[in-house]
Amino acid sequence: MDRPLPIKVRCPTCRGKAWIISRRTEGGRLRLVRQNARLTIKTIARALGVTPSYLCMVEHGRRAVTDGLFDDYLKAVQELEG
Ligand SMILES: [Zn+2]
């Protein structure tokens, strides 16, 4: 029997705090895309010209994902991945 996926994970960027990562939020989906591409939050933040802590809050659903940010984020992942 498979163990259920953890709903709380420790975020390396928000050290020492446990956060709930939801796949249902846009930020959570961006995080999954980034992790599948094996890219760090710092790498994406540098490409987008934002701070890693801001991007982290976006991924946690604590900051809104604007249309521009969503597209730029995915573009940055594709460029850095390839
Ligand atoms: Zn975090």
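This is a predicted model: local features need pLDDT of at least 70, side-chain atom pairs count only at pLDDT 80 or more; totals for chains, interfaces and linings use all residues.
Hi everyone. Helices here are DSSP runs of H or I with at least four residues, and strands are E runs of at least two, both numbered from the N terminus.

Now, the overall picture. The protein has 82 residues, and 16% of them are buried. If you take contacts between residues at least 6 apart in sequence, 61% join residues at least 24 apart.

Let's look at helix 2, which spans residues 41–48. Which of its residues are buried? They are Ile41, Ile44 and Ala45. These three cover an arc of only 100 degrees around the axis, which puts them on the same side of helix 2. As a reminder, an α-helix has 3.6 residues a turn, so residues three or four places apart point the same way. The cover over the buried residues of helix 2 includes helix 1 (26–36), helix 3 (52–59) and helix 4 (67–81). Just past the end of helix 2 sits Gly49, with a positive phi of about 75 degrees.

The axes of helix 1 and helix 4 come within 10 Å and cross at roughly 5 degrees. Angles under 35 degrees count as roughly parallel, and therefore helix 1 and helix 4 are roughly parallel to each other. Helix 1 brings Glu26, Leu30, Val33 and Arg34 to the contact, while helix 4 brings Phe70, Tyr73, Leu74 and Val77. By type, the residues of this contact are six nonpolar, two charged and no polar.

Notes:
Residues are numbered from 1 along each chain as its sequence is written. A residue is buried if 20 or more other C-beta atoms lie within 10 Å of its own, exposed if 12 or fewer, and partly exposed in between; C-beta atoms are placed from the backbone. Two residues are in contact if their C-beta atoms, placed from the backbone, lie within 7 Å. The arc is that of the directions from the helix axis to the C-beta atoms. Axes are lines fitted to C-alpha atoms, for helices over the stretch in contact, and angles run from 0 to 180 degrees between N-to-C directions. Angles under 35 degrees count as roughly parallel, over 145 as roughly antiparallel, 65 to 115 as roughly perpendicular and the rest as oblique. Ala, Val, Leu, Ile, Met, Phe, Trp, Tyr, Cys and Pro count as nonpolar, Asp, Glu, Lys and Arg as charged, and the others, Gly among them, as polar.
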